[in-house]
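Please work through each task before reading its solution.

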Amino acid sequence: MSRCARRGVKSAANAREPERIIAEPRSRMNRLSRYLLAECTQASLIALLVLTALVLLPQVLKLVDLWVNKSVSITILGMMTLLIIPKFLVASLPMALLVGTLTALGRLAQDSELTAMKASGVGLWHMIRPLALLPLAAALISLSLNWYWVPQAHVLFTQVKSALLASNTFSIKTQTFNQSIPGLTIYVHKQSQGGRLLEGLLIHDAREPDHPVTLVARSGALHRNSDGDTAILLREGSRHQSLPEGKFRQLAFATYDLPLGVDLGASSKEGDEERKITAFSGAQLLEQTQSSDPQQAYEAIQEQHRRLAIPIATAILGLLAIPLGTQHAQRTGRSYGLVVAVLVMIAQFVLLNLGEAMAKRHVVSPLVGLWSPNLIMALFTLYVLRLAHYDRGLRFADWLSQLLSVIPQRLLRKGPPASPRAEG
C-alpha cells in the first residue's frame, strides 16, 4: 500500500474517532435507561399483583360461597372473578406504581448503585427520561379501564349475577337443609323433572322473626308467580305458626304458594345497578350531560371529570416516586418506599374524596373539586423535583429516613432478657 493510501485510511479513521467517542456514552446511557426502566417495571408489576390479590381476596371468598352453597360451576366463578378485576385494578394501579418505583430505587440506593450513577455524571433528569414512560403507560391503562373496561365488566357482572339468582335450581339440594335464601330453611327429600318437581318438603320461614312459619308438604313445584318472583307451589301439606302469648296455629292446605323473593329482588337490584352513573359508557355519559334533568346532567359531568382525573393522578404519583426514591439514604432500605407510599396514598385519597364530596354537595364545581387534588399533588411533585435537582433533601423524607434507621438499632440494643443465675 502506498504512503498516500495509508494516509487516507488513517485520516478516515481519525474522522470516525469523534463519532465513536460520542456513540459509546450514548450506548451506555441507553443500557442504563433500559436497566432503570426494567427494575422499576418489574417491581411495579409484582406490587400490582400482590395488591390486587389482597383487594380481591374478600370478593373471591364471597364467590366461593356461591360454589359451596349454590353449586355454581367453577367456570362461572372464574368469569365473575375476571369481571371484577378491572374495578380493583383502577384502585391498586397508583399504589403499585408508587410502591414499585420507590422499592426499586430503594434497592439501587441500598446497593450504592445510585451513588455510582451520580458519580458517573448521571443526573436526575437522565433518570426521569426512561422512568417517565412507566407513569405514562399506567395513566393510559387507567384511562382505558375507567372509560371502557370497568363499565362493560360491571354490566356483564350484573347480568351474570341476576341470571344466577333467577335460576330455578339455584340452591335446592336433596336431603340437605338449604339456607341460601336469608331467613328460609328448605329441606327436600327428592327432586325430578330437572329440579322443578320436589317431593317431601320441610320449610321453615323465619323472614319475619316475630312470626316464624313451618310448612310441611308432600310435594311442590318451582314456578314464577304473577309478580315475577320464583315461588314454590306446595301441595297436600300443613302450615304451622307460633303466635304471641304462647299460642299456636295450624292450617291444612291442598295447595299453598310460597314466594321465595328471589327474582323480584334481583330485578330491582339489576335496575339499581343499571341506573348507576358509574356503569355508563363514555357515549352514555355524553348523552347524559345533555339530559333535561339538571341533577342527572350534573352527575354525568362529575363522572366524566372523575374518570379523567384518576389517570392523571396515577401519572403524577408515578412521577413523584422518582425524586422521592432517589433522596433517601442507603441504610433505610426498602421499608422507606413502603412507608412513604402509604403516606402519600393516604394524602391523595383524602384530597380526592374531599374534593369529590364537595362537588357532590354543590359546594364547588366538579372541575374544581376533582382537579384541585391533582393540582396540589402536581405542585408538590415539582417542588420535590426541584429539591432533588439541587441535591437537597426533603425535610419530611430526611426525618422519616432517620426514624427508620434508628428503630432497628434500638430494638437490637434491648436484646433478649437475661436469665437468672442459678444459686449454688
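**Exercise 1: Salt bridges**

Arg107 and Glu113 form a salt bridge whose closest N and O atoms are 2.8 Å apart. The model is predicted: local features need pLDDT of at least 70, side-chain atom pairs count only at pLDDT 80 or more, and totals for chains, interfaces and linings use all residues. Residues are numbered from 1 along each chain as its sequence is written, and side-chain values use heavy atoms, with hydrogens and water left out.

Task: Classify Arg107 and Glu113 by accessibility, and state which network they belong to.

Solution. 
1. A salt bridge requires a side-chain nitrogen of Lys or Arg within 4 Å of a carboxyl oxygen of Asp or Glu. By this rule there are 6 salt bridges.
2. Buried means under 20% relative accessible area, exposed over 50%, and partly exposed in between (1.4 Å probe, protein chains only). Arg107 is buried because its value is 15%, whereas Glu113, at 21%, is partly exposed.
3. A further pair is Arg218 with Glu236, at 3.3 Å between the closest N and O atoms. Salt bridges with shared partners join Glu39, Arg107 and Glu113 into one network.

**Exercise 2: A strand residue and its partners**

Solution. 
1. Strands are DSSP runs (E, at least two residues; numbered from the N terminus), and two strands pair if DSSP finds at least two bridges between them.
2. β2 pairs with β3 (residues 197-205) in the antiparallel sense over 8 bridges.
3. Asp205 is buried at 14%, while Arg207 is partly exposed at 33%.

Note on methods: Helices (H or I, at least four residues) and strands (E, at least two) are DSSP runs, numbered from the N terminus.
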